[in-house]
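Welcome! Let us walk through a protein model together, one part at a time. Have a look at the sequence and the fold before reading on.

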Amino acid sequence: MSETLLLSRAEVERLLTPEVCIAAVEGAFRQLGEGRVPAAGILGLHGAEGSFHVKAGFLAADRPYFAAKLNANFPQNAARHGLPTIQGAVMLCDAHNGAPLAIMDSISITALRTAAASAVAAKHLAPAECDTALICGCGGQARAQLAALLRVRRPAKVLAYDQDSARASAFAAAVGAQAVTDLAGAMAASRMVITCTTARRYFVLREMVRPGTFIAAVGADNEEKQEIDPRLMAEATVVTDLTEQAAKIGDLHHAIAAGAMSQADVHAELAELVAGRKQGRTSGQEITIFDSTGTGLQDVAAAIAVYRRAVDTRTGLAFTL
């Protein structure tokens, strides 16, 4: 029997830097855009106060890999139980012979690979020059999103907004941003916006967004969550991480349900931009939206990067199942 590596959250965080994760995720989307790997799969189930989902995908690197991530998403955890909203684990396997290679904590994997996809999308869809960026939602995803964004764009100012103003202030102080309480004013001042909330009703209104803005809409990762006004979705250039999935659980899902747009109105999937099959931003006045629902492709890409660095650095606990 082959050995399997067990990797803790702290070890994953140490091994998976934003630069490494962005490169891994971009490479995975390129493989998908070139037709070299199949689209990832998802299974979601709701519980009493939260939900569970399994996301899985294949990817080729030094060998073929398969990864499946089991995540629990319980938005009330912090207030009620003192636990993270997202908890889970990723299993990485050798797709040539099925051997389990590693089991690793998914909290950092999820945050970093989601942020990496936003950064890759920003490379193609955000303005080349930007005075101000806005982070909406200052929970566990926010720091990773900002760190990744700053690898591809250099805004002079970063604003932070959260319904909990104390949380926005704490986040802003930690990352050198400016906490704001006027969402409409912050949106009007910003040309790059990342929404990473647990909202169940859209709060980014069409009239808030000025021409030329890029939005990475990250929060809607199940069918009950929504951040973006369907009218705004209909008028913008929409790019998804996976259109079929976004049509079921993303902000695209809500825009379709509202009759504002159809799946055919989506401009492209991110993989098509990375592979050069579709064009990204075409004008300075274009409003672009990346509807990010999170895919197993990103998980397997990040897991491979963690595993290979763990092997190189002899990190983790080796055991036999």
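## The cysteines

The sulfur of Cys 130 lies 13 Å from the closest cysteine sulfur, which belongs to Cys 136, and that is too far for a bond. A disulfide here means a pair of cysteine sulfur atoms within 2.5 Å. Cys 130 is also buried, with a relative accessibility of 8%. On this scale, buried means under 20% relative accessible area, exposed means over 50%, and partly exposed covers what is in between, using a 1.4 Å probe and protein chains only.

How many disulfides does a search of the whole structure find? The search gives 0. Cys 21 is in no disulfide either, as its nearest cysteine sulfur, in Cys 196, is 15 Å away. Cys 21 counts as buried, at 1% relative accessibility.

## How to read this model

This is a predicted model, in which local features need pLDDT of at least 70 and side-chain atom pairs count only at pLDDT 80 or more, while totals for chains, interfaces and linings use all residues. Residues are numbered from 1 along each chain as its sequence is written, and side-chain values use heavy atoms, with hydrogens and water left out.

## An open sheet with parallel pairing

Next, follow the strands. Helices (H or I, at least four residues) and strands (E, at least two) are DSSP runs, numbered from the N terminus. Two strands pair if DSSP finds at least two bridges between them. An open sheet of 8 strands is arranged in the order β9-β8-β7-β10-β11-β14-β12-β13, with parallel pairing. Strands β9 (178-179) and β13 (268-269) stand at the edges with a single partner strand each, so one side of each has no neighbour in the sheet.

Now look at strand β10 (residues 192-195). This strand pairs with strand β7 (residues 132-136) in the parallel sense over 4 bridges, and Leu 134 stands opposite Val 193 in β10. Strand β10 is also joined to β11 by 4 bridges, again parallel, where Ile 215 is the bridge partner of Val 193. In a regular strand, side chains alternate between the two faces of the sheet. Both faces of β10 are covered: Met 192 and Ile 194 are buried on one side, and Val 193 and Thr 195 are buried on the other.

Moving along the sheet, strand β11 (residues 214-217) runs parallel to strand β14 (residues 288-291), with 4 bridges between them. Here Ala 217 has Asp 291 of β14 as its bridge partner.

## Antiparallel neighbours

Which way do strands β3 and β4 pair? Strand β3 (residues 51-60) and strand β4 (residues 64-73) pair in the antiparallel sense, over 10 bridges. A hairpin of 3 residues joins β3 to β4, and Val 54 stands opposite Leu 70 in β4.

Strand β4 also runs antiparallel to strand β5 (residues 86-94), and 9 bridges join these two. One example is Asn 71, whose bridge partner in β5 is Gly 88.

## Aromatic pairs

Rings of Phe, Tyr and Trp (its six-membered ring) pair if their centres lie within 6.5 Å; planes under 30 degrees apart count as stacked, over 60 as edge-to-face and the rest as tilted. By this rule there are 2 aromatic pairs. Phe 52 and Phe 74 are edge-to-face, 5.5 Å centre to centre with 75° between the planes. Phe 52 lies in strand β3 and Phe 74 in the loop between β4 and α3 (77-81), so the pair ties together parts that are 22 residues apart in sequence. Phe 52 is partly exposed at 40% relative accessible area, whereas Phe 74 is buried at 18%.

The ring centres of Phe 58 and Phe 66 are 5.1 Å apart and their planes stand at 55°, so this pair is tilted. Phe 58 is partly exposed, with a relative accessible area of 41%, and Phe 66 is partly exposed too, at 26%.

Finally, find Ala 102 in strand β6 (residues 100-105). Is Ala 102 buried or exposed? Ala 102 counts as buried, at 0% relative accessibility. The C-alpha atoms of Ala 102 and Arg 14 are separated by 16 Å, and these residues are 88 apart along the chain.
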